[in-house]
Amino acid sequence: MQCAMTTNSTSSINSLTITRPDDWHLHLRDAEVLASVLPHTAKQFARAIVMPNLKPPVTTTAQALAYRERILAALPDGMQFEPLMTLYLTNNTTPDEIRRAKASGLIHAVKLYPAGATTNSDAGVTDLRLCYPTLEAMQECGMPFLVHGEVTDPSIDLFDREAVFIERVMQPLRADMPELKVVFEHITTSQAADYVRTASGPIAATITAHHLLYNRNDIFKGGIRPHYYCLPVLKRETHRQALLAAAISGSPRFFLGTDSAPHAKGAKEAACGCAGCYTALHAMELYAQAFDQAGALDKLNDFASVFGPAFYQLPVNSGMLTLERTSWTMPAELALANETVVPLNAGETLQWKVI
Ligand code: DOR
Ligand code: ZN
């Protein structure tokens, strides 16, 4: 890492240059919304793993390649960005579809949405055992399996659904498929961080900036704050601390994934608001803030730019990204097709800025 570091205390660092990072978990949506959000991500990140939970979901290689073309067509002139495509696993995804996806060279992972777990997950998997032949094909050809790790059993408390998923789904799955490459997506608990740190075999986890910076109190500070609502939901402070410790630990099993998920303002500020935090505009600023607060800016380069490519067996980017310590105010709203999206930290002052 090249950074203007003069002491071990990162609070004296005013400028940080890292290898150009990638976002290993991103929602870009489609059509006009895609056109609104894509430049925000492309400004900061060279590549992103693009989530397939469109309506209808991206379940075939042909659909993923067509979606990739739409993303590239929406990229403003002069911007460099490579979308890394994924398939949405259903009960009916075939082993042949996995082999087609792998052979395309452009589809880098398959995503598990347990049916009913989150936004556009209705077509998701009802019982992972139905998918075993398909998972075996993934294991065989080295296709990463990206897991939304929450049980959907309504009798399990919302805040416990990730921890229960580890026992009920993750451990049995990995015992049956020890060579399957698994990413435990957007982990939110100390149990998930402990599991990923200590488990054997090919496993990693993405961590969002908002789960590093906030805990569940932030959803209810002075009233209900829908823009802090995402899934898996923010947890208590001890979990935030465990995630931060994992992120700055230097373990290559933990890397950056924003889970930036745009929803129109009206869909969030509603009687039944959608889950998702929009962080694409200021993702690296938020990660820099979290690492800075932990005195660990020197760990940001590996987390943001090195460990992800290593897991996905892709080259590290050749460009650089510079952040400066300078105050700026997040806009209250951003354009989203013909509506607006309220970003996380709307109207707040941030301390770092990508230049
Ligand atoms: O908060 C979330 N929003 N979590 C997810 O898993 C999906 C995402 C979305 O697509 O809006
Ligand atoms: Zn997501």
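**Close-up 1. Helices H10 and H11 pack at an angle of about 140° in this predicted model.** H10 covers residues 283-293 and H11 covers residues 300-312, and their axes sit 10 Å apart. On the H10 side, the contact comes from Met284, Tyr287, Ala288 and Phe291. Leu300, Phe303 and Ala304 make it from the H11 side.

**Close-up 2. Three protein residues hold on to the zinc ion (ligand 2) as donors.** They are His25 and His27, each through NE2, plus Asp259 through OD, and they lie 2.0 to 2.1 Å from the zinc. Along the chain, the spacing of these donors reads H-x1-H-x231-D. That makes for a link between distant parts of the chain: His27 belongs to the loop between strand S3 (23-26) and helix H1 (31-44), while Asp259 belongs to the loop between strand S10 (254-256) and helix H9 (265-268), 232 residues apart. His27 is buried, at a relative accessible area of 7%, and Asp259 is buried too, also at 7%.

**Close-up 3. Helix H5 has a kink of about 35°, centred on Glu167.** Even so, this 16-residue helix (161-176) spans 22 Å from first C-alpha to last, close to the 22 Å expected at 1.5 Å a residue. Its buried residues include Arg161, Glu162, Phe165, Ile166, Met170 and Leu173. Who does the covering? Among the elements over those buried residues are strands S6 (107-112), S7 (145-147), S8 (182-184) and S9 (203-207), along with helices H4 (132-141) and H6 (190-198).

Technical notes: Residues are numbered from 1 along each chain as its sequence is written. Chains are lettered from A and ligands numbered from 1 in the order in which they are written. This is a predicted model: local features need pLDDT of at least 70, side-chain atom pairs count only at pLDDT 80 or more; totals for chains, interfaces and linings use all residues. Side-chain values use heavy atoms; hydrogens and water are left out. Donors are N, O and S atoms within 2.8 Å of the metal (3.2 Å for Na, K and Ca); water is not among the atoms, so sites may look incomplete. Helices (H or I, at least four residues) and strands (E, at least two) are DSSP runs, numbered from the N terminus. Buried means under 20% relative accessible area, exposed over 50%, partly exposed in between (1.4 Å probe, protein chains only). The expected span of a helix is 1.5 Å times one less than its number of residues. The bend at a residue is the angle between axes fitted to the seven residues ending there and the seven starting there. Contact means heavy atoms within 4.5 Å. Axes are lines fitted to C-alpha atoms, for helices over the stretch in contact, and angles run from 0 to 180 degrees between N-to-C directions.
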